[in-house]
Amino acid sequence: MLRITARSLASAMRSTMIPTSSRVAAVRSLHGTEESAEEFDKRYEKYFSREGIDAWEIRKGMNDLLGMDLVPSPKIIEAGLRASRRVNDIALAIRWLEGCKDKCGDQKATLYPYLLEKITPTLQELGVPTLEELGYDKPELALKSVYDA
Amino acid sequence: MSALRLVVPRMPPSYVAWKMGRRFASGGGDGVRLMVGDREVVGYGINGRPIYFDRSDFPFPAIRYRTVTPEVCALREKELGDWKTLSIEDKKQLYRHSFCQTFAEFQYFSPDWKLALGLPLWLLAIACGITVFMKTTVYKYTPDTLEEDRQSAQLRRMIHLQMNPVTGVSSQWCYNTNKWK
């Protein structure tokens, strides 16, 4: 009786274990693939230009991108701007521009004009002002200290 | 980096305390949510809590900075249309409704370094003062045993007794030549 039980148990175990192990192997092998820069750009462009994307997802994508060690490519920036237009949030678009400018780091003098040149048609089409037009390239208002409030 | 700035409620503190207490007592409450007041929650935020802060590596916090007012509602209505019809002032107002400070503002070099440098220097100066005071007044009279000949006599006795002969003071002394090794 015990032997029969053990045998059926073993066969049951085998049938459940084998697919699991192959699945594990498939997942583990994913670590080996490296995403190229073009694929990365395309992925985020697709993410932002998806129909029905909401402001939560846009913010999530932008926060993720601006937390990475990279400068978003003009295509991603444009897709982000258009996404902000679709959810009717101009503050989001302006903040996104600021964030992308900030990502240029110490290369602002060379990289930012290039980015601006590439995205200017989109900015004009959507009516998003540049930071220079808003005067946000320099501090505008001072904040009262919390100790004085 | 800018400091984490919590949104200050505009309700009387006693009311907030009562409501928070009530919420916590009933279980599953959240005081932060109450402090948000009328502000729109527009995202997940950094940890799922509706708090506002300005950070360059996380520029979109979970809530809008200002509460909803009729003027802002009118502007938001206008925002639904073509953005080219919005004036620069409108755009700025919409931005300030969502965010407290621009990047240029919260990254501006603040004079906090003066305090950060000055305070430790003051503490160092006070410590030096205490040291000088102790040296000149408190420790003016040392015990007799700290005198030169007393100390050398003690060392001689230690070598005589072969104290600590493996790694210590006697291991440094050669007993054949009566000299330091």
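# Close-up views of a two-chain predicted model

View 1. The UniProt record, an unreviewed entry, annotates residues 115-134 of chain B as "transmembrane region". UniProt positions follow the numbering used here, feature names are shortened, and annotations may be inferred rather than shown by experiment. Over residues 115-134 the chain is 100% helix and 0% strand. The end C-alpha atoms of this stretch are 28 Å apart. Helices (H or I, at least four residues) and strands (E, at least two) are DSSP runs, numbered from the N terminus.

The model is predicted: local features need pLDDT of at least 70, side-chain atom pairs count only at pLDDT 80 or more, and totals for chains, interfaces and linings use all residues. Residues are numbered from 1 along each chain as its sequence is written, while chains are lettered from A and ligands numbered from 1 in the order in which they are written.

**View 2. Chain A and chain B, element by element.** Chain A has seven helices and zero strands. Its order from the N terminus is α-α-α-α-α-α-α. Chain B has seven helices and two strands, in the order α-α-α-α-α-α-α-β-β. Of the 149 residues of chain A, 26% are buried. In chain B, 15% of the 181 residues are buried. A residue is buried if 20 or more other C-beta atoms lie within 10 Å of its own, exposed if 12 or fewer, and partly exposed in between, with C-beta atoms placed from the backbone. Two residues are in contact if their C-beta atoms, placed from the backbone, lie within 7 Å. Among contacts in chain A with a separation of 6 or more, 69% join residues 24 or more positions apart. For chain B, 41% of the contacts between residues at least 6 apart in sequence join residues at least 24 apart.

**View 3. The contact between chain A and chain B.** Chain A gives 29 residues and chain B gives 28 residues. On chain A, helix 3 (55-67), helix 5 (90-103) and helix 7 (131-134) each supply at least two residues of the side that touches chain B. Helix 3 of chain A brings the largest share, eight residues. This side of chain A has 15 nonpolar, five polar and nine charged residues. Ala, Val, Leu, Ile, Met, Phe, Trp, Tyr, Cys and Pro count as nonpolar, Asp, Glu, Lys and Arg as charged, and the others, Gly among them, as polar.

**View 4. Helix 3 against helix 5 in chain A.** The two axes come within 10 Å and cross at roughly 10°. Helix 3 of chain A is therefore roughly parallel to helix 5 of chain A. Axes are lines fitted to C-alpha atoms, for helices over the stretch in contact, and angles run from 0 to 180 degrees between N-to-C directions. Angles under 35 degrees count as roughly parallel, over 145 as roughly antiparallel, 65 to 115 as roughly perpendicular and the rest as oblique. From helix 3 of chain A, A:Ala55, A:Ile58, A:Met62 and A:Leu66 make the contact. Helix 5 of chain A answers with A:Leu92, A:Trp96, A:Gly99 and A:Lys103. The contact residues are six nonpolar, one polar and one charged.

**View 5. Helix 2 against helix 4 in chain A.** Helix 2 (residues 37-48) and helix 4 (residues 74-86) of chain A pack at about 10°, with their axes 8 Å apart. This pair, too, is therefore roughly parallel. Helix 2 of chain A contributes A:Asp41, A:Tyr44, A:Glu45 and A:Phe48. Helix 4 of chain A contributes A:Lys75, A:Ile76, A:Ala79, A:Gly80 and A:Ala83. Five of these residues are nonpolar, one is polar and three are charged. A:Arg86 also lies in helix 4 of chain A. A:Arg86 is partly exposed, because 17 C-beta neighbours lie inside 10 Å. From A:Arg86 to A:Ala55 is 31 residues in sequence and 9.2 Å in space, C-alpha to C-alpha.

**View 6. The kink in helix 6 of chain A.** Helix 6 (residues 108-126) of chain A kinks by about 50° at A:Ile119, shortly before the proline A:Pro121. The bend at a residue is the angle between axes fitted to the seven residues ending there and the seven starting there. A:Leu116 sits in helix 6 of chain A. With 18 other C-beta atoms within 10 Å, A:Leu116 is partly exposed. A:Leu116 and A:Thr130 are 14 residues apart in sequence and 8.4 Å apart in space, C-alpha to C-alpha. A:Gly127 follows helix 6 of chain A and has a positive phi, near 80°.

**View 7. Two asparagines with positive phi.** A:Asn88 has phi near 55°, a positive value in a residue other than glycine. A:Asn88 lies in the loop between helix 4 and helix 5 of chain A. This residue is partly exposed, with 14 other C-beta atoms within 10 Å. B:Asn164 also has a positive phi, near 55°. The loop that holds B:Asn164 runs between helix 7 (148-160) and strand 1 (173-174) of chain B. B:Asn164 is exposed, with 12 other C-beta atoms within 10 Å.
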